Amino acid sequence: MRSFLITGVSRGLGEAFFEQLAADPEHRVVGVGRTFTDHQRELAATEPDRISLYEVDFSTREPALARPMEAATTDTERAHLVLNAGMVEPVGAIGSLRPADLADSVAVNLTAPMITADAFVRALPAGTPGMRYSPRSFVVRPPSRRFRTA
């Protein structure tokens, strides 16, 4: 069985990844985010061995990742990480933005993917070579329109 840990699964691309991967009975899907759809909660309730959801706040300095990492990397043929969580806010003119909002944006869009990828690699079973060299793991960071200029 292949495992997929996907961040930011409640809507958009993350929700589509979740739905497509969860449709295959040979996949274990670990959804991580602040919120989840009713359908995702339903799947997790009916197939707890294959579908799991973990509420994680990526704006904190140390997101709670131990349990989702264990779920995604234990007893799996391959582990995949899809770094999809992100936020568009704050949007506004320079000089009108709140420093706390800017800090949250940097934490979610830049720091959290680095922390998550690091935790994922550390959670891989002992003896697994680094991701660059391993056929057992794969990390994806989908391209985003979050940073597109107007």
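**View A. Three salt bridges turn up in a search of the whole structure.** A salt bridge here is a side-chain nitrogen of Lys or Arg within 4 Å of a carboxyl oxygen of Asp or Glu. The model is predicted, so local features need pLDDT of at least 70 and side-chain atom pairs count only at pLDDT 80 or more, while totals for chains, interfaces and linings use all residues. Residues are numbered from 1 along each chain as its sequence is written, and side-chain values use heavy atoms, with hydrogens and water left out. One of the salt bridges joins the side chains of Arg 50 and Glu 47, at 2.8 Å from N to O. Arg 50 is buried, at 10% relative accessible area, whereas Glu 47 is partly exposed, at 30%. Buried stands for under 20% relative accessible area, exposed for over 50%, and partly exposed for values in between (1.4 Å probe, protein chains only).

**View B. Asp 101 and Arg 98 are joined by a salt bridge between their side chains.** The N to O distance is 3.0 Å. Asp 101 is partly exposed, with a relative accessibility of 27%. Arg 98 is exposed, and its relative accessible area is 52%.

**View C. Helix H4 (residues 99-123) holds both Arg 122 and Asp 118, which form a salt bridge.** Helices (H or I, at least four residues) and strands (E, at least two) are DSSP runs, numbered from the N terminus. The closest N and O atoms of Arg 122 and Asp 118 are 2.9 Å apart. The two residues are four apart, about one turn of the helix. An α-helix has 3.6 residues a turn, so residues three or four places apart point the same way. Arg 122 is exposed, at 61% relative accessibility, and Asp 118 is partly exposed, at 41%.

**View D. Helix H2 (residues 38-46) has Gln 40, Leu 43 and Ala 44 as its buried residues.** These residues lie on the same side of H2, because they cover an arc of only 95° around the axis. The arc is taken from the directions from the helix axis to the C-beta atoms. On the face turned away from the buried side sit the exposed residues Asp 38, Glu 42, Ala 45 and Thr 46. Helix H1 (12-22) and strand S3 (51-55) are among the elements that cover the buried residues of H2.

**View E. Strand S2 (residues 27-33) is mostly covered, with seven of its seven residues buried.** In a regular strand the side chains alternate between the two faces of the sheet. One side of S2 carries His 27, Val 29, Gly 31 and Gly 33, the other Arg 28, Val 30 and Val 32, and both faces are covered. S2 runs parallel to strand S1 (residues 2-7), to which six bridges join it. Two strands count as paired if DSSP finds at least two bridges between them. Phe 4 stands opposite Val 29 in S2. From S1 the chain crosses through H1 to S2, a right-handed β-α-β crossover. Right-handed means that, with the strands pointing away from the viewer, the path from the first strand over the helix to the second runs clockwise. S2 and S3 are also parallel, with five bridges between them, and Gly 31 stands opposite Leu 53 in S3. The crossover from S2 through H2 to S3 is right-handed as well.

**View F. His 27 in strand S2 is buried, at 12% relative accessibility.** Leaving out residues up to four places away in sequence, His 27 touches Met 1, Arg 2, Phe 4, Leu 21 and Arg 50. Contact means heavy atoms within 4.5 Å. Among these contacts, Arg 50 is the residue that meets Glu 47 in a salt bridge.

**View G. Strand S4 (residues 78-82) is largely enclosed by the rest of the structure, because four of its five residues are buried.** S4 pairs with S1 in the parallel sense over five bridges. Ser 3 stands opposite Ala 79 in S4.

**View H. The chain as a whole has four helices and five strands.** From the N terminus, the order of elements is β-α-β-α-β-α-β-α-β. Of the 150 residues, 40% are buried. Contacts between residues at least 6 apart in sequence join residues at least 24 apart in 62% of cases. The accessible surface comes to about 9000 Å², and carbon and sulfur atoms account for 55% of this. Accessible areas come from the Shrake-Rupley method with a 1.4 Å probe; for residues, only the protein chains shown count as cover.
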